[in-house]
Amino acid sequence: MRPGADSISNLSISDYHIHTPLCKHAEGDPKEFVSAAKSLGVPEICFTDHCPFPDGYDRPHRMEPDQFSLYREMTSDLCEVSGPHVLFGIEADYYEGCEAHLREWLPRQGFDLVLGSVHFIGNWGFDDPDQKGRWRSVDLKTAWREYFALLARLAMSSLFDVVAHLDLPKKFGHRLTDKEMIEMASPVLDLIAASGMGIELNTGGLRKPVNEIYPSALILGLAKERDIPICFGSDAHAPNEVGFGFADALVLARSAGYTESLLMRQRKRSFKPLPFISDNPPSHHRH
Ligand SMILES: [Zn+2]
Ligand SMILES: [Zn+2]
């Protein structure tokens, strides 16, 4: 399949992972993201910018706490006739010490979707290109084990709706063997299943050195065995990345046996059928 936004026209898959310039590393007015979705026929988009934290956690990559009202303003009232439905969400990090704040703060914001992600092992931003060098001095298996330990705590926290980019440490190509991955990921997937959370097929990985969707086909197969629901996210940091690689993501989802995806409203989930793998899905297919 051809990766890229141009191949997804008429694929009615919602994009549940979108950033805004408030995260200091994205570009484009929220209106431009909406227009991009509209021209591609993407039925819904959800803004999920990085959550601000009052303790100053990872300040360079997120809005300041006093910018949150601006974030809400920028991303509201964007629904237009025949355009995509626009949801209000957040990508909230899990890290040691985040829980008390998030438990109090998240439920009060009226989010449609809260993505949970892990970007740090201790003080190491392991997916930050500026901190990539540290991969050379760490033990690969230890790093992955520590990552999954954090993901396990994320799953047990009951703070989030969907786990974002589940195998993010592979971003620069640092992979486990299949056997190691099954051994490490399975217990975490058990916890995710027990928590009732979903996972996302994040096509951002197709734009990174690993050149692969998060999570891998191997992990997605393990998720399907546990009936963990899925949604799709481009992790767009620019309007032209909306819906990026969704044709590939659909193939991946269908190959793993998935037939439906999550539909989120005010953090309540329902399901909608996946499109068929075709550039021109049957006309009876609607959303
Ligand atoms: Zn992320
Ligand atoms: Zn993101």
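Good morning, colleagues. Please bear in mind throughout that the model is predicted.

I begin with the chain as a whole. The protein chain contains seven helices and nine strands. Its radius of gyration is 18 Å, close to the 19 Å that the globule rule gives for 287 residues, so the chain is as compact as a globular protein of that length. Of the 287 residues, 44% are buried. As for contacts with a separation of 6 or more, 78% come from residues 24 or more positions apart.

I turn next to a pair of helices. Helix α4, residues 140–157, packs against helix α5, residues 178–195, at an angle of about 10°, and their axes are 9 Å apart. Because angles under 35 degrees count as roughly parallel, α4 is roughly parallel to α5. On the α4 side, the contact is made by K141, W144, R145, F148, L151, A152, A155 and M156. From α5 come E180, M184, A185, V188, L191, I192 and S195. By class, the residues of this contact divide into 11 nonpolar, one polar and three charged.

Finally, the strands. Is strand β2, residues 44–50, mostly covered or mostly open, and how many of its residues are buried? Strand β2 is mostly covered, with seven of its seven residues buried. Strand β1, residues 15–18, pairs with β2 in the parallel sense, over two bridges. Within that strand pair, I18 has F47 of β2 as its bridge partner.

Thank you for your attention.

Technical notes: Residues are numbered from 1 along each chain as its sequence is written. Chains are lettered from A and ligands numbered from 1 in the order in which they are written. This is a predicted model: local features need pLDDT of at least 70, side-chain atom pairs count only at pLDDT 80 or more; totals for chains, interfaces and linings use all residues. Helices (H or I, at least four residues) and strands (E, at least two) are DSSP runs, numbered from the N terminus. The radius of gyration is taken over C-alpha atoms; the globule rule is 2.2 Å times the number of residues to the power 0.38. A residue is buried if 20 or more other C-beta atoms lie within 10 Å of its own, exposed if 12 or fewer, and partly exposed in between; C-beta atoms are placed from the backbone. Two residues are in contact if their C-beta atoms, placed from the backbone, lie within 7 Å. Axes are lines fitted to C-alpha atoms, for helices over the stretch in contact, and angles run from 0 to 180 degrees between N-to-C directions. Angles under 35 degrees count as roughly parallel, over 145 as roughly antiparallel, 65 to 115 as roughly perpendicular and the rest as oblique. Ala, Val, Leu, Ile, Met, Phe, Trp, Tyr, Cys and Pro count as nonpolar, Asp, Glu, Lys and Arg as charged, and the others, Gly among them, as polar. Two strands pair if DSSP finds at least two bridges between them.
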